[in-house]
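Below are a few notes to read alongside the model, point by point.

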Amino acid sequence: MGRVIVIGCGGVATVAIHKCCQHPEVFTDLCIASRTIDKCDALKDKLKDKTKTRITTKKIDANNLTELIHLFDEFKPDLVMNLGMPYQNLNIMDACLICKCHYLDTAAYEPENVDDPVWRQRYEERIKEKNFTAYFDYSYQWEYKQKFESAGLIALLGCGFDPGVTQAYVAYAKKHEFDRIDTLDILDCNGGDHGYPFATNFNPEINLREVSSEADYYENGKWIRVPAMSIKKEYVFDGVGKKDMYLLHHEEIESISTIYPEIKRIRFYMTFGQSYITHMNCFQNVGLLSTTPIMYEGREITPIQFLKALLPDPASLGPRTKGKTNIGCIFTGVKDGKEKKYYIYNVCDHEEAYKETGLQAISYTTGVPAMCGAMMILNKIWTKPGANTLEEYDPDPFIEALDKYGLPKSESHDPVMVD
Ligand code: NDP
């Protein structure tokens, strides 16, 4: 028996909720709690005759700790899945500790306003110490490690595809394929076409902040910084074909390099079309990506939030998106004294994802791992307490669950390498 609260009711949450409802023996009671209650009620209505999971809904502002505690006290969840925004991660983790329940999210904490002076000071110190400039990092959530450990609770951090499955792939490669991993390239390819000149496949604020930021990679114990979108490569992806991909910072590089210091170089690449890049540069040049509020006709607005309101809702892209995603990890390293290469990845079809859940494959590839991670916790397959990323758990049962529930792995022992 598992009682779960899902916070958020956007693309990722909708997929995860669909998938949880396919396993009512694990997810017996589910509360969908989000800012816009109508979306929660509409999803409940859609699912109620198709599942034995008992669904309730609740309007909540996850910025409000008192509201969170009240809801958790009332519902008594075993697990809270935070599938809303990463701005509220710390608040929700606090509420979980107070109410003694497990926690799971899909993105590392970042602040809503990056000009907040208290956050800014610590950010500047981190740049001096570690030399990476992303707005998000794990330090804030790793500070909860001890607290969750002492409480005997799990906070499973970043349980989507990337971060998430990519770290399980690293743990899997280390367990089954390598005595030592030397290099890792994480490749995230979206070969889908939604037909709009510009739309993001997940929350526009988080997506645009990530992509427009300075890029970097990790080599020989150091972060190497490069300008945004300045390193471009071409790669032929199984199921998709040839695509341009760009080097980006991504949060799992931080955890993988911490947990596997043997890996000499870690890079992350994501594919983008020219239209996406042209639009993003234009938004940036005119200030629309700013997180600093401005006054407009007597009221305060935040430019990037205004832009989000103009763009298509990622959750609405499902019926329009055709094509496939391909996300995975390519390794080099050594097994039994011999050098070897290994590629593990998943190919997901946008139209298949839509048929099953009403959402496109980016939401699907995030929501399915979130459900599988929740299953690992509720079924007590993963029991190590603390605020941990996925490298810290046995990858086999998780990858087996992904194989069964919609995101099967493919493997190659002779992949084309990224030069
Ligand atoms: P959406 O914008 O579609 O959904 C966000 C949801 O959060 C909305 O329902 C929104 O409510 C709700 N929300 C926002 N603020 C609050 C608040 N203060 N209190 C309560 N609810 C709130 O985003 P996605 O579903 O695309 O993404 C969800 C998360 O998944 C993001 O953190 C994103 O970064 C992450 N992600 C992770 C990936 C991975 O592979 N690890 C890949 C893709 C996404 P409302 O309906 O009112 O707007």
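1. Leaving aside neighbours within four places in sequence, R126 is in contact with N131, F132, T133, A134, Y135, F136 and D137, where contact means heavy atoms within 4.5 Å. R126 itself is found in helix α5, residues 117–130. With a relative accessible area of 8%, R126 is buried. Here buried means under 20% relative accessible area, exposed over 50%, and partly exposed in between, with a 1.4 Å probe and protein chains only. Helices (H or I, at least four residues) and strands (E, at least two) are DSSP runs, numbered from the N terminus.

2. A word on the source: this is a predicted model, in which local features need pLDDT of at least 70 and side-chain atom pairs count only at pLDDT 80 or more, while totals for chains, interfaces and linings use all residues. Residues are numbered from 1 along each chain as its sequence is written, and side-chain values use heavy atoms, with hydrogens and water left out.

3. Do have a look at the ligand. Which residues come nearest to the ligand? Of the 28 residues around it, they are R35, T36, K39, A62 and N203; a residue is near if one of its heavy atoms lies within 4 Å. The shell divides into 12 nonpolar, 12 polar and 4 charged residues. In that count, Ala, Val, Leu, Ile, Met, Phe, Trp, Tyr, Cys and Pro are nonpolar, Asp, Glu, Lys and Arg are charged, and the others, Gly among them, are polar.

4. On its own the ligand has 930 Å² of accessible area, and the protein covers 94% of that. Such areas come from the Shrake-Rupley method with a 1.4 Å probe; for residues, only the protein chains shown count as cover. A polar contact is a pair of N or O atoms within 3.5 Å; within protein, one must be able to donate a hydrogen and the other to accept it, and residues adjacent in sequence count only if both atoms are side-chain atoms.

5. N64 caps the N-terminal end, with a side-chain oxygen 3.0 Å from the backbone nitrogen of T66.

6. Most residues other than glycine have a negative phi, and most peptide bonds are trans. K76, in the loop between α3 and β4, has a positive phi of about 55° and is exposed at 56% relative accessibility. N220 has a positive phi of about 45° and lies in the loop between β8 (215–219) and β9 (222–226). The peptide bond from D162 to P163 is cis, with omega near 10°.
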